[in-house]
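This report describes selected helices and residues of one protein model. Please consult the sequence and the coordinates alongside the text.

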Amino acid sequence: MSIVVTGATGHLGRLVIDGLLDARVPAGQIAAVVRDKEKAADIAARGVELRVADYSAPETLSGAFAAGDRVLLISGSEVGQRVPQHTAVIDAARAAGVELLAYTGVLGGPDADFDLAAEHKETERLILESGLPHTFLRNGWYHENYTANLAPVLEHGAVVASAGEGRVASASRADYAAAAVAVLTGEGHEGKAYELSGDVAWSFAEYAAEVARQSGKDISYANVPAEQNLAILTGAGLPEPLAAILVDVDSAIERGLLAGTSGDLARLIGRPTTPVADAISAALKG
């Protein structure tokens, strides 16, 4: 039996691998599903088994899993392609007879009505229909979704969004990785759906004020209409479909869909979630 992490060379996947090793799971009992062995050379150097497969090539997944494995399906990054990609993983996991399939979905699960949630909801439905023992890790927003983009905020002196006074209960990517590790190494998680989010929900005005405090710059929150936000994002070089998804997320934030603070994340990881102020500090230090 192995603990298998798909998408292992991504930001979240690498943190999960790190967390498993830190939890003293023997490297020989961890397998990383990767598309490119060269990109995973550092993972292999730590003694972790590499299993080469591609979400978009179902035939490559036949050897990715084995009976009794505990598998973390990290959702694909290709919006619009994720349902067939995830279907291929689910089918391979079912054929192999894995012990558990954990899936990183989105906060709110079936109640999330924004565009980005659609593929996650369909994936959860497919997992339920498969009959696989499963755990749904419904991840909220990452701090890094915002702190990775501080350069233009500092340059223009503004946090730009179309989210009104909506609040975001974000947490660090490392927090979400720790939750996955807890599920993959623990017991009693089968059939559970965890609504994972930060302990504190913040507003964009509060976020801007914290960036200003830490940077020493004059930063404000510019709440703009959705159409203007879309134009700003596309003008900055984002493809229009992606920009439209981000603007739709802002609408969801304004309606309170990413503000939930269930406490599930803190309970799973056994500590408070990382404050957004800490993520801002780390980003400013580079």
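The sections below treat the basis of the model, its helices and their packing, and then individual residues.

## Basis of the model

The model is predicted, and local features need pLDDT of at least 70, side-chain atom pairs count only at pLDDT 80 or more, while totals for chains, interfaces and linings use all residues. Residues are numbered from 1 along each chain as its sequence is written, and side-chain values use heavy atoms, with hydrogens and water left out.

Helices (H or I, at least four residues) and strands (E, at least two) are DSSP runs, numbered from the N terminus.

Helix α7 covers residues 173–185, which number 13. From its first C-alpha to its last it reaches 19 Å, close to the 18 Å expected at 1.5 Å a residue; the expected span is 1.5 Å times one less than the number of residues. The helix is mostly covered, with 10 of its 13 residues buried. Here buried means under 20% relative accessible area, exposed means over 50%, and partly exposed lies in between, with a 1.4 Å probe and protein chains only. Among the buried residues of α7 are Arg-173, Asp-175, Tyr-176 and Leu-184.

Two packed helices are described by the angle between their axes and the distance between the axes. Axes are lines fitted to C-alpha atoms, for helices over the stretch in contact, and angles run from 0 to 180 degrees between N-to-C directions. Helix α1 (residues 11–22) and α7 have axes that come within 8 Å and cross at roughly 50 degrees. The pair is therefore oblique, given that angles under 35 degrees count as roughly parallel, over 145 as roughly antiparallel, 65 to 115 as roughly perpendicular and the rest as oblique. The crossing of α1 and α7 is right-handed; a crossing has this hand if the near helix is turned clockwise from the far one by less than a right angle, and is left-handed if anticlockwise. The residues of α1 that meet α7 include His-11, Leu-15 and Gly-19, and those of α7 that meet α1 include Tyr-176, Ala-180 and Leu-184.

## Asp-175 within α7

Asp-175 lies in helix α7. Its relative accessibility is 0%, so Asp-175 counts as buried. Not counting residues up to four places away in sequence, Asp-175 touches Leu-265, Ile-269, Arg-271, Thr-273 and Thr-274, where contact means heavy atoms within 4.5 Å.

## Other helix pairs

Helix α3 (residues 82–96) packs with α4 at an angle of about 20 degrees, their axes being 10 Å apart. This angle makes α3 roughly parallel to α4, and α3 passes α4 in a right-handed crossing. In α3, the residues that meet α4 include Arg-82, His-86 and Ile-90; in α4, those that meet α3 include Glu-119, Thr-123 and Leu-126.

Helix α9 (residues 226–235) and helix α10 (residues 240–254) pack at about 140 degrees, with axes 9 Å apart. That angle makes α9 oblique to α10, and the crossing is again described as right-handed. Among the residues of α9 at this contact are Asn-229 and Leu-233, and α10 contributes residues including Ala-243 and Val-247.

## Helix α8 and the residue that follows

Helix α8 (residues 204–215) has 12 residues and spans 16 Å from first C-alpha to last, close to the 16 Å expected at 1.5 Å a residue. Its buried residues are Phe-204, Tyr-207, Ala-208, Glu-210, Val-211 and Ala-212. Just after α8, Gly-216 takes a positive phi of about 75 degrees.

## Arg-51 in strand β3

Arg-51 belongs to strand β3 (residues 49–52) and, at 10% relative accessibility, counts as buried. Its side chain makes a polar contact with the side chain of Glu-49 at 3.2 Å. A polar contact is a pair of N or O atoms within 3.5 Å; within protein, one must be able to donate a hydrogen and the other to accept it, and residues adjacent in sequence count only if both atoms are side-chain atoms. Leaving aside neighbours within four places in sequence, the contacts of Arg-51 include Ser-2, Val-33, Phe-65 and Asp-69.

## Two exposed loop residues

Pro-110 lies in the loop between β5 (100–106) and α4 (118–130) and is exposed, with a relative accessible area of 55%. Pro-110 and Arg-125 are 15 residues apart in sequence and 9.0 Å apart in space, C-alpha to C-alpha. Pro-110 touches Lys-121, Glu-124 and Arg-138, not counting residues up to four places away in sequence.

Arg-24 lies in the loop between α1 and β2 (30–34). At 76% relative accessibility, Arg-24 counts as exposed. Although Arg-24 is not a glycine, it has a positive phi of about 65 degrees.
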